[in-house]
Amino acid sequence: MIKALGKAIGLGFGTGLFPIAPGTVGSLAAVVIYYLIVLAVGAAEQFILAGLIIFSLPVGVWATGLLATEEDPDPGKAVWDEFLGMWITCILLPPTIPWLAAAFICFRVFDVLKPWPARRLENLHGGWGIMADDIAAGIYGFALLNAARFAWQAWG
């Protein structure tokens with residue numbers, strides 16, 4: 001039962017089973033979940049986002065690790081890493097549609113391109129290898145978008 005729950009989490013509650021671009025679908029699901037949280041709780045969204053991130057790291061390493069095999073150490077259907085990376089990208093951003101759309105695009109670009117050291121992080125064992133490159137992509141997106149936001153505010 002616990003293993004089945006772990007696999008469901010690793011699959012992003014089914015989004016990883018989407019036949020085309022499961023990582024993109026998982027990222028979209030993560031940003032939609034975050035936006036629904038914003039609508040539900042309002043001003044406390046950053047605390048909830050922090051909680052999601054803190055929860056998602058150890059659970060995600062375990063859950064995505066359950067999906068990894070010797071033949072496929074980073075299966076495309078394991079998308080919980082996209083959830084975590086997407087949520088990291090959203091830290092401190094205004095929870096508006098334009099900023100969340102920018103976060104989605106930015107995270108997907110960094111996740112696909114995997115600038116250094118993200119690509120090297122894929123070589124870590126098991127769930128760590130699955131999760132670590134998306135954590136890096138999320139950090140890159142967080143840094144770029146928040147720098148842009150602060151620059152925009154300074155000029156405006």
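Mentor: Start in helix α5 (residues 97-113), which holds both Asp 111 and Arg 108. Three residues separate the two, about one turn of the helix. Helices here are DSSP runs of H or I with at least four residues, strands are runs of E with at least two, and numbering starts at the N terminus. This is a predicted model, so local features need pLDDT of at least 70 and side-chain atom pairs need 80 or more, while totals for chains, interfaces and linings use all residues. Residues are numbered from 1 along each chain as its sequence is written, and side-chain values use heavy atoms, without hydrogens or water.

Now the pair itself. Asp 111 and Arg 108 join side chains in a salt bridge, 2.7 Å from N to O. The term needs a side-chain nitrogen of Lys or Arg within 4 Å of a carboxyl oxygen of Asp or Glu. Side chains of opposite charge can pair when their charged atoms come close. Asp 111 is buried because its relative accessibility is 6%. Arg 108 is buried too, at 15%. The cut-offs are these: buried is under 20% relative accessible area, exposed is over 50%, and partly exposed lies in between (1.4 Å probe, protein chains only).

Go on to Lys 114. Its salt-bridge partner is Asp 133, with the closest N and O atoms 2.6 Å apart. This pair links distant parts of the chain. Asp 133 counts as buried because its relative accessible area is 2%. Lys 114 has 13%, so it is buried as well.

A further bridge runs from Glu 122 to Arg 119, where the closest N and O atoms are 3.7 Å apart. Here both ends are partly exposed: Glu 122 has a relative accessible area of 26%, and Arg 119 has 43%. Shared partners tie these bridges together: Glu 82, Arg 108, Asp 111, Lys 114, Arg 119, Glu 122 and Asp 133 form one network. The whole structure has 6 salt bridges.

Stay with the α5 to α6 loop for a moment. Pro 117 is in that loop. The peptide bond from Trp 116 to Pro 117 is cis, with omega near 0°.

Next, the loop between α4 and α5. Pro 94 is placed there. Pro 94 is partly exposed, at 24%. Beyond residues up to four places away in sequence, Pro 94 touches Trp 99 and Arg 149 (contact means heavy atoms within 4.5 Å). Leu 92 belongs to this loop as well. Leu 92 is not a glycine, yet its phi is positive, about 70°. Its relative accessibility is 46%, so Leu 92 counts as partly exposed.

Last, look away from the network. The C-alpha atoms of Pro 94 and Glu 70 are 41 Å apart, with the residues 24 apart along the chain. Glu 70 lies in the loop between α3 (45-67) and α4 (80-89). Glu 70 is exposed, at 72% relative accessibility.
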